[in-house]
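Here are my notes on the ligand site and the domain layout. Please read them with the structure open.

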Amino acid sequence: MSVYKLANLIRARFPMIYVTTFEEDRVTKYIKSVVTDEKQVKYPREVFTWAQTTGLYNNTTDKKITDTDAPCKALDFIRKYDKDAVFILYDFHTNFGVKNRQPDYNVIRKIRDIVPDLKLGTVRKTIFFVSPELLIPESLQKEITIYDFPLPTLEEIKNKFNSMIQQNARVANELNEEEKDKLCKAALGLTLQEAESAFALAMVNDGKINISDLSVILEEKVQVIKKTGILEFIRSDYSINDIGGLDNLKNWLLKRNNSWSEKAKKYCIPAPKGVLVTGIPGCGKSLTAKAMSTIWQLPLLKLDFGKVFSGLVGSSEENMRRALATAEAVAPSILWIDEIEKGLSGLGSNGDSGVSSRIFGQFLTWMQEKESPVFVIATANNINSLPPELLRKGRFDEIFFVDLPTLDERKEIFKLHLERRLKDKNVASEIVTVPNLCEELAKMTEGFIGSEIEQVVVSSLCDAFFENRPLRFDDLAKNIQTTVPLSTTQREQILAIRAWANVRAVSATKKSNLDKYAKVIDDNNVSSSRGGRTLDF
Ligand code: ATP
């Protein structure tokens, strides 16, 4: 992937540049602006465009070049052309072999024949391949450079919005500058055309545009991001108060809030890269990712690593590239990679001809070099399949381990789930009279994970509902007794994860809480050891 400026690639006589985008118009305008600017490229070039349906067209002289519809004929013309020029070829990848269509070896050979001329000829010529899909035949891989064309900036989106407002005088604009900014920011991550459609939808709704249209834009964005098939836009209303315990992890996150602000720059704080949260299933890892988006007030994008590799949608490399580009376009943002180990299970095996290793490498490089404020939260249950490169110091800012909740944490989790559901006075009438209710329940649930505690509350309420009466302590006690906790059925696995975490991770639970916990543990129980180094943030 190229990290160089487009003008530099052109000046350095890179023969062929591949741009993957749906935005033909925008990229064409951009290439034109670069290659016709003396300051950028020194020798301005003419601009030709080509599509199978139209043949070559000289945009500089406004002339169609006859008999160039066929790819080979277009390439012949390019080879013979004797003035400095760039040739933007749309959808040329179809000649490189797409579904149900073999590669056209004549075309590929002809391209290879042109390369020396493009590199060393006296006339400066560059070919651009512009396609929504990235597809480069093996034999051309050394000659073609991939150029990452970013999604529109806030500035570009604002310009589009302003021109739409001007063109649609009948639409009442009820936005002040701050609100307009918010609306345009909400459209980040969309192509210019998608942003235009979202704004148009917001305008035609009721003939006016105001801040209540934010939901229309966000809904459009949710749909567009969903279409990628790999990313999901998560709307979360969980707050920090919805997480019981895990104080150490929560403090760490709270301290890094606003790390990208101007104020933080004064303290020379490096922008946080991300955290890896590992641990026992059902103990609040996903909950933390969702709450983080609310705490930091940043959009949360969930990346399904498994789908990147599955080949169900597009090529794996392209999927990854697009997902990371979208996360960057909506930055500052949080990229949540749930169950990261699942996506990495193919690493090291020969079954996928190295695709997994390439994608993983692509991801690590991005993590290392990313400059845009995208914070990564990766969650993992099965730490055995995590490759050591991912855990190397400096990759993530911190690796946290979420263990079985301590007594105090269980007390908090019970309190949270009971309070959330006991809103009706009649349903709550009996249970509220029980002294030290949550403490008692916490004592009875040693070894329970958060989701099991939640399930105890839900099942007990179902029992009470079925009998049309208030919730009773006995309902909770009975459901606790009938639950066989994961810590019993998966004792060995939990002990193994802890041993791993002791060396590599920091406990998500606060140290003071663990000290108290140590006094109540029973040596024969799975709770007698804890995972993760104790270090308070
Ligand atoms: P998995 O890896 O299996 O997805 P997880 O660690 O991500 O597990 P969550 O999905 O966050 O677990 O938790 C499942 C549910 O259990 C949550 O929606 C929440 O209701 C409850 N829960 C778990 N841990 C906590 C906690 N610490 N505080 C409050 N609720 C919790």
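1. Which polar backbone atom is 3.2 Å from a nitrogen atom of the ligand? The atom belongs to Gly284. Keep in mind that this is a predicted model.

2. Gly244 places a backbone N or O atom 2.8 Å from a nitrogen atom of the ligand. On its own, the ligand has 620 Å² of accessible area, and the protein covers 82% of that.

3. Next, the shell. There are 16 residues around the ligand. Those that come nearest are Gly244, Gly282, Ser286, Asn381 and Glu454. By class, eight residues of the shell are polar, five are nonpolar and three are charged.

4. Which helices each supply at least two residues of this shell? They are helix 12 (285-296), helix 18 (407-421) and helix 21 (450-466).

5. Now the domains. The assignment for the protein lists domain 1 (3-147), domain 2 (154-224), domain 3 (234-402) and domain 4 (407-487). Domain 3 and domain 4 each give at least three residues to the shell around the ligand. As for spacing, the C-alpha centres of domain 2 and domain 4 are 46 Å apart.

6. Then go to Gly284, at 3.2 Å from a ligand nitrogen.

Terms used: Residues numbered from 1 in each chain as written. Predicted model: local features only at pLDDT ≥ 70, side-chain atom pairs only at ≥ 80, totals over all residues. Heavy atoms only, no water. Near = heavy atom within 4 Å. Polar contact = N/O pair within 3.5 Å; in protein donor to acceptor, adjacent residues only side chain to side chain. Areas by Shrake-Rupley, 256 points an atom, 1.4 Å probe, with all protein chains shown as cover. Helix = DSSP H or I, 4+ residues; strand = E, 2+ residues; numbered from the N terminus. Nonpolar A, V, L, I, M, F, W, Y, C, P; charged D, E, K, R; others polar. Domains from an automatic or database assignment.
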